[in-house]
Amino acid sequence: MPEHTFRLNGEQVTVDAADDERLLWVLRDVLGVTGPKYGCGINVCKACTSHLNGKAANPCAIPVGDLEATDEVTTIEGLADTVDADLHPMQQAWLDHDVVQCGYCQPGQIMAAVALVRRVAAEGREITDDDLDGIRNICRCGTYTRIRDAIRTGAQSM
Amino acid sequence: MTNPDPPPLASGRPAPGRRRFLGYVLAAPTLVTAAELVPARAAGAAEIPSGEITELIDLNDVMTAAALPTAGLIKVEVHPDGTVSFALPRAEVGQGITTSTAMLIAEELDVPVGRVRVTLADARPELVFNQLTGASNTTISTYTPIRVAAAVARARLLRAAAAELGAAAGDLTLKAGVVTDSAGGSVGIGALAGKAAAVEPQRVAVELKDAGQFTVIGRPHSRIDALDAVTGRKKFAMDLDVPDARPTMVCRPPTINGKPGAVANLDEVRAMPGVTDVAVVSTGVAVRAQTFGQCIDAVRALRVSWKPGTAVGKSDDTVREELRRAELPMGLPPVTPSVDATFTFHFRSNSALEPNCAIADVRPDRAEVWSALKSPIVAKQAIAARLGLPPSRVTVHVTEGGGSFGRKLFFDAALEAAEISQRIGKPVKLMWHRADDSRQGRTHPMATSRVRAAYLGGTVLGYQQRHTSVATDLGHGLGELFTAMAARLPVGDIGFSQTFFHLSQSMPYDFGPHSRLLNETDKGFNTGSMRNVYSPDVVCARELVVDRLAAKMGKDPYGFRREFLRDERARAALEKVAEAGDWGRTMPEGTAQGIALHTEYHAVNAVLVEIDCRPGTVDRPIRDGVTGPRVTKAVLAVDAGLAVNPRGLEAQMMGCLMDGIAQALTSSLHLRDGHFLEASWDNYFYTRQWNTPPELQVIVMPDTSDEPGGAGELGVAASMAAVACAYGRATGTMPTSFPVNHGTLSFTPKPTVPPVPASPTDGLDHVR
């Protein structure tokens, strides 16, 4: 099987996998990185949301062969290290607002939230209700209101 | 062990004040205490009911009473490192019971909540009925025994400290896990754990704290598992590393419950990359591989001849006709004016975000299973029977669940994983693809509800409701519970689904003689008790009729409800949302308020919402989503008797509201030609951020009881009803079919063969 090299949570990794193996299964089944969750496998529920070079990406829809050796994949497990702290401000905001119910979607929600705040900041503006309405991550427990509150709080400290 | 005398039951709850309870100290190297008593408002005392059965006894009383004889086996353990642990015989699926349980222990034991570790107990058959998580009964049935066990531990620790410090126990204080004497000496509970242990089991009496002494119960507390969840460390079944348990999926039939026939290319699929095993099993063709990606590819490659299932040729229309034929007669029309209405509620999915999944390692002489299970004892028995093993050789571990909503009362994946593991002789990590979960998973059954309310002048003379439903499968242990309790139930000789229906449906309004009956038909569907079970549909129908009655009498919907409510707690909650939500304020055309009320689980919930049904809102563009009317504001008031954790209670009400919005407006399954069209989250429109009310207020009412009610499901019914009522007032037409957008198919159905969609490859195009 071909070898693939990319950066994962700050470290270079090399895995044996078919070119078209989706990154989600490389992470979960080959590397044992289980923060990104399966919820649909077709990039609609967003439970697996992680970062590719700092932007929101869904590993269920990315063939591992599409990655370059310099591509930086960040999962929820590596998020705090990007700010060199025990918790990323968005994770802390999630705790402050007690967002979590079952928790299954929350790694993806947090990664989506961080990417949203970065994107909006790059556009030089504040988060709006429309931005929050545009988040596609499903929470079947219905924690949406607390997610909105936590994103606004987390954005203050990012 | 015997049960101490229960407290008096005569009229409702026992008298307040200090009560003595009996607990146990068990023989162990460290301090282990236990309790068995649930001082419940037990079932046996009820007389033959008149009009309102739920006032004498409700579903939760039955479940609590059923738990009585064996509850004694719940144990609190104090460890030498100063932590306290407890294996909760319930399933945590997001409802927050590990947190509330830790709070109960922290309260009575005077340790910080952070030092209490709550895990989920393996299936324990000796607990009989006391390991079923359902009907919002967990806190109701465990509130006292958990505190008793913790209080026994506290007393033992104080006694050990007295010996250690050379002081009288009465001069000691235990606070934050440290015992201090009046001379300034102190010792931590960790150092006392061994000294407080017992060599022989002992039975001891303890007093519990009065509510006035509480410093933990009733104060908002954040989830104890939140840190693990936000860091990705929280482990669900599919995250467990069980040796050699490889990814496994099943190629499933194109129609509901179809069966596999011949497979044309078994050898070809066995030779696919990563595939280790392919085997025909009772539900389809199982594939085990090195990755789930390889499983998906193999499932898609299989060419299987399928035999018909249990819903051949059926569609929404044919089921609607079946229901019509099963509807019980309403009787002759009344001579007075009346409101008559018929409502249709379509199939809904109770899929959680974590799909059906389980790990199974079956060997010739034993089996071990891991899954999020709300009825693990029944699962264990069923798995043992399927495998041909004695139950004592089957170990069932309860993992933390990624949501349930009724789904995890069943153990479909655990049973299937065990069958596959036995068949191929290897451990398996079985996961249902989302398409499997949507199309073959459990559903809330389609139902109709017919209501007739007769009135004259300002009086409602009578209320009849006839609910007709595709059968709800209760075969997950609740059935056994009811069967065993049947002799103690004042409902006569009727089946348990009817019993369930009667016990869960209340009539909060003074509507004269009233009756509500359930009739069920068609057991061909995979159904289950979706969150709040019958109540969302039954209450939605009732509250819409209440609005109609108010209109007929020329009364305001809020004023009418307030006038006819029979219960002070209900009236207080209703008044609170009307006040906080500014009921009756002037609103633009196409927008409106709606208000509704529901009582169940010894608790009360009132909901006020505002909805925007104007075209500019309904038609706003969202890719692959249903927008539709938007609930712009929601105010919920909840009286759960005694709120153990108000922050958790607020969270449950928020989730219930999102469910209610979904069921009123967007979420349903479409049945066509023996299968459901919905195959994923881009087809099944559960509430999304763009449907979420920008304004939400949850008000926890002051405690009205010294015992907690249930809350995990409570808010769905009134939320759905309030949204429906608001929709009717905004559009000028009472909705009669739910969800209101069911008539519009908002997506292109995915194929049924192969049963799962291909994994996309364009992920890099959507990085943002």
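Chain B of this predicted model is divided into three parts: domain 1 (20-210), domain 2 (237-309 + 356-431) and domain 3 (318-348 + 442-738). Chain A is divided into domain 1 (3-78) and domain 2 (81-157). The two chains meet in a contact that takes 58 residues from chain A and 62 residues from chain B.

**Chain B: overall build**

- Chain B holds 20 helices and 31 strands.
- Of the 768 residues in chain B, 58% are buried.
- Take the contacts in chain B with a separation of 6 or more: 81% of them join residues 24 or more positions apart.
- Within chain B, 14 residues of domain 1 are in contact with 19 residues of domain 2.
- The domain 1 side of that contact has 8 nonpolar, 4 polar and 2 charged residues.

**Chain B: an open sheet**

- Five strands of chain B form an open sheet, in the order β24-β23-β22-β15-β31.
- The pairing in this sheet is mixed.
- Its edge strands are β24 (514-521) and β31 (737-738) of chain B, and each pairs on one side only.
- Strands β15 (residues 338-345) and β22 (residues 447-456) of chain B run antiparallel and are joined by 8 bridges.
- Thr342(B) has Arg450(B), in β22(B), as its bridge partner.

**Chain B: helix α16**

- Helix α16 (residues 557-564) of chain B has these buried residues: Pro557(B), Tyr558(B), Phe560(B) and Arg561(B).
- They sit on the same side of α16(B), because they cover an arc of only 165° around the axis.

**Chain A: two domains**

- The C-alpha centres of domain 1 and domain 2 of chain A lie 20 Å apart.
- In chain A, 19 residues of domain 1 are in contact with 14 residues of domain 2.
- On the domain 1 side, β3 (50-52), β4 and α2 of chain A each supply at least two residues.
- That side divides into 6 nonpolar, 10 polar and 3 charged residues.

**Chain A: helix α3**

- Met90(A), Gln91(A), Ala93(A) and Trp94(A) are buried in α3(A).
- Seen down the axis of α3(A), these buried residues fall within an arc of 160°, so they line one face of the helix.
- They pack against α2, α4 and α6 of chain A.
- α6 (226-231) of chain B also packs against the buried residues of α3(A).
- Just after α3(A), Asp98(A) takes a positive phi of about 50°.

**Where chain A touches chain B**

- Chain A gives 58 residues to this contact, and chain B gives 62 residues.
- On the chain A side, the elements that give two or more residues are α1 (23-30), β4 (55-57), α2 (76-79), α3 (89-96), α4 (106-122), α5 (129-133) and α6 (144-157) of chain A.
- The largest share of that side, 5 residues, comes from α4(A).
- By class, the chain A side divides into 31 nonpolar, 15 polar and 12 charged residues.

Conventions. Residues numbered from 1 in each chain as written. Chains lettered and ligands numbered in written order. Predicted model: local features only at pLDDT ≥ 70, side-chain atom pairs only at ≥ 80, totals over all residues. Contact = placed C-beta atoms within 7 Å. Helix = DSSP H or I, 4+ residues; strand = E, 2+ residues; numbered from the N terminus. Nonpolar A, V, L, I, M, F, W, Y, C, P; charged D, E, K, R; others polar. Buried ≥ 20, exposed ≤ 12 C-beta atoms within 10 Å, placed from the backbone. Arc of directions from axis to C-beta. Domains from an automatic or database assignment. Pairing = 2+ DSSP bridges.
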